[in-house]
Amino acid sequence: MTTLLALPYWQETGIKLGLALAVIPTTSLILVYLFLFKMMAFMQSRLGPNDTGPYGTLQLIAEAIKFLQKEDIHPAQADRRVFRMAPVVVLASTFLLYVVLPAGPDAIVQNLDTGVFYAMAVSSLSVLGILMAGWASANKYALLGGLRAAGQLIAYELPLILAVMGVVIQAETLNLQGIVIAQATGEIFGFGAIGNPFILTQFLAFLIFMIAAQAELTQTPFDMPVAETELVGGFHIEYTGFRFLLFFMAEFGTAFAFAALASVMFLGGWWIPGFDVDDNILNVLGPGVMLGKILLVAFFIFWVRFTYPRLREDQLQKFAWKVLIPLSLANIVLTGIFKVVF
Amino acid sequence: MTATSDREQMAYVSAQAADARVNVELDTGDMTLNIGPQHPATHGTLRIACQLDGEQVVVAEPIMGYMHRGYEKLCEVRTYPQCTTLINRIDWLGSFANEVPFILAAERLMEVEAPPRAQWIRTILFELSRIANLALFLGDMGVQIGALTPVFFAFRDRERVLNQIEEVTGGRFHPNFDRIGGLKDDIPKGWIEETRSVMEKMRTFCDEMEDLLVGNEIFQARCRGVGVIPPEVALGYGLSGANLRASGVDWDLRRDANPGLAWDQVDWRVWTHPDGDSFARYWVRLQETREATRIVDQLLDGIPSGPIMAKVPRIIKVPAGEAYISTENPLGEMGYYVVSKGDLGPFRVKIRTPSFNNISIVPWVMKGVYVPDVITILGSLYFILGDIDR
């Protein structure tokens with residue numbers, strides 16, 4: 001692969017690391033402002049923040065400052081060390097996800113050959129942090145939330161991975177860049193003018209992936225680990241100030257990362273359908289194209305979040321084991337048959 | 001004894017023993033979870049002490065009294081007109097409806113009757129406070145189950161009804177408008193037309209709730225079959241209002257024991273649902289809100305002319321006697337047992353509030369449900385904390 005700039009390894013790594021570090025707060029701010037503040041307010045026929053700065057954009061800065069001012073409280077019975085580590089673990093899982101997300105032909109932190117595998121493995125790390133938070137808080141509500149999160153992980157990791165398998169079979173690679181290129185150069189039964197965005201041929205997998213991601217992100221209708229009206233915040237009930245902010249950022253950062261994964265695997269990532277553009281131009285345009293696709297996917301995630309009520313934990317498990325997993329297995333079989341036949 | 005061999009019997013016994021051993025080894029013990037007194041789902045300070053086995057409730061016990069304000073006692077040291085100020089604050093969402101039965105009881109003791117116009121306006125305000133109260137329930141139930149949007153719609157549209165109440169009475173929450181022998185004031189000019197358009201909007205709101213919640217599969221999955229109360233149990237625990245009607249008991253004090261208000265002048269029906277589950281309770285309240293808008297519409301058409309106050313002395317002294325009047329309030333049967341010894345104020349007031357009885361079924365209905373269902377059932381039983389702890 002030709003790199004745009006020839007830099008020493010340590011400089012390149014430094015730049016990439018800095019970018020990835022900056023990306024989590026920025027992306028979660030974008031999502032919070034666009035969806036949580038503006039779209040939610042619009043859907044619920046209220047105004048949302050509009051006084052702080054132009055269109056309320058500075059509200060986020062105000063919120064962040066507010067969180068930093070809060071006292072850092074540990075419950076008396078808490079396991080202090082684990083209690084402090086938990087939000088960092090959750091945020092670390094989000095951070096690690098960004099490592100393999102491609103934003104252009106060369107705009108990627110680390111182009112791993114097993115990118116999909118890595119992303120799936122790393123994303124489930126966050127549940128460890130949630131369990132730690134739930135256990136260490138020494139709070140019954142937090143414990144219930146943490147255990148629910150663990151149960152949810154087992155139920156939903158499986159359909160998530162199985163749904164991705166369909167894409168992997170079709171693209172014949174685990175490399176996320178390779179998946180994008182497979183979509184750019186692919187064709188649907190000989191018709192190749194718009195390439196082959198896998199959302200067309202893998203629509204079932206896309207649906208399963210989005211549902212499972214919703215559960216993975218603990219967004220309504222699968223937000224039982226948080227369940228504001230029932231567990232009053234679940235695993236993060238005892239967290240205040242900056243530690244709560246870390247959870248909050250991780251929540252939206254992960255939502256962004258999953259939207260990015262979905263757009264890489266199903267919408268063609270940084271590639272513009274129907275246009276044959278030079279790689280170097282795509283390196284510049286790619287992030288923009290990617291952002292557009294991510295926001296589109298995120299819009300659906302949050303649309304569902306603001307509309308639907310919450311399922312019960314046992315109903316969720318039933319749905320995962322009896323509906324999603326058989327469906328995703330069927331999808332793999334179908335994809336395999338088509339792959340062999342055509 | 002059937003012809004089983006010793007071998008089979010031994011196998012059976014050892015299997016049972018193995019099961020028992022596993023159960024003992026894995027016995028996690030019960031966990032006590034206090035839901036409340038500071039918990040968003042109890043909208044106030046109700047406490048429910050739950051014994052949990054995993055996420056399943058073994059025993060749930062409601063503990064009340066965190067907001068007891070002693071209204072029955074306070075009424076004894078006040079004059080009759082002053083009492084309504086307190087009574088407003090019992091069920092704070094349907095406050096005008098609280099005043100009516102007390103005033104009616106006092107009127108019965110004094111043997112005065114409000115003129116027809118006052119009775120009609122009383123009925124209209126009564127139904128308006130029912131709509132304001134139930135509208136909030138219709139949205140709030142969504143929040144209890146996790147849907148954030150309906151409650152904002154509910155607050156938005158309830159505001160319109162509160163505006164109408166405010167325009168007549170001067171108070172949004174605590175009108176304190178009912179007087180012995182009639183009402184404080186007449187309705188303002190143009191109010192009838194405005195109210196009519198508000199009623200139209202409330203019907204649209206009910207349709208929205210039907211789209212957002214009643215038709216939603218997740219809402220149905222969470223509510224259907226959750227917290228089923230059979231009719232005989234409901235009657236046994238003294239449930240009233242929509243909770244009773246959702247169990248299939250056709251019982252409505254507005255129709256069955258009308259204390260003189262204008263409900264018998266209009267055409268309306270009592271809604272019941274045979275299921276008795278949380279969904280039925282939501283559905284019945286939704287229909288009741290619609291029915292209330294229709295009642296208001298019809299009443300607005302036929303308000304009779306005439307005075308709004310009967311002839312009562314300036315200083316109200318109620319002759320000695322006892323009276324119990326109950327009406328069908330938004331939450332259920334609300335009654336006042338007033339004992340007078342001929343003084344300026346009541347000698348004793350016993351207040352029968354619907355939420356107190358409705359919440360008493362909690363230990364029965366919450367056996368064996370999951371923690372999320374506790375919230376669903378609490379939401380669907382619909383209590384106002386001020387109505388539990390007077």
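1. The contact between the chains takes 23 residues from chain A and 26 residues from chain B, two residues being in contact if their C-beta atoms, placed from the backbone, lie within 7 Å. This is a predicted model, in which local features need pLDDT of at least 70, side-chain atom pairs count only at pLDDT 80 or more, and totals for chains, interfaces and linings use all residues. Residues are numbered from 1 along each chain as its sequence is written, and chains are lettered from A and ligands numbered from 1 in the order in which they are written.

2. On the side of chain B that touches chain A, the elements that each supply at least two residues include strand S1 (31–35), helix H5 (116–145) and helix H6 (149–169). Helices (H or I, at least four residues) and strands (E, at least two) are DSSP runs, numbered from the N terminus.

3. Helix H9 of chain A covers residues 203–216. Of its 14 residues, 10 are buried, that is, with 20 or more other C-beta atoms within 10 Å of their own, these atoms being placed from the backbone. Among the buried residues of H9(A) are Phe206(A), Phe209(A) and Glu216(A). Their cover includes helix H4 (115–123), helix H10 (241–266) and helix H12 (313–341) of chain A. After H9(A) comes Thr218(A), with a positive phi near 45°.

4. Lys293(A) sits in helix H11 (residues 279–307) of chain A. Lys293(A) is buried because 22 other C-beta atoms lie within 10 Å. Apart from neighbours within four places in sequence, Lys293(A) is in contact with Ser263(A) and Leu267(A). The C-alpha atoms of Lys293(A) and Val264(A) are separated by 8.8 Å, and the two residues are 29 residues apart along the chain.

How values were computed
Buried ≥ 20, exposed ≤ 12 C-beta atoms within 10 Å, placed from the backbone. Expected span 1.5 Å × (residues − 1).
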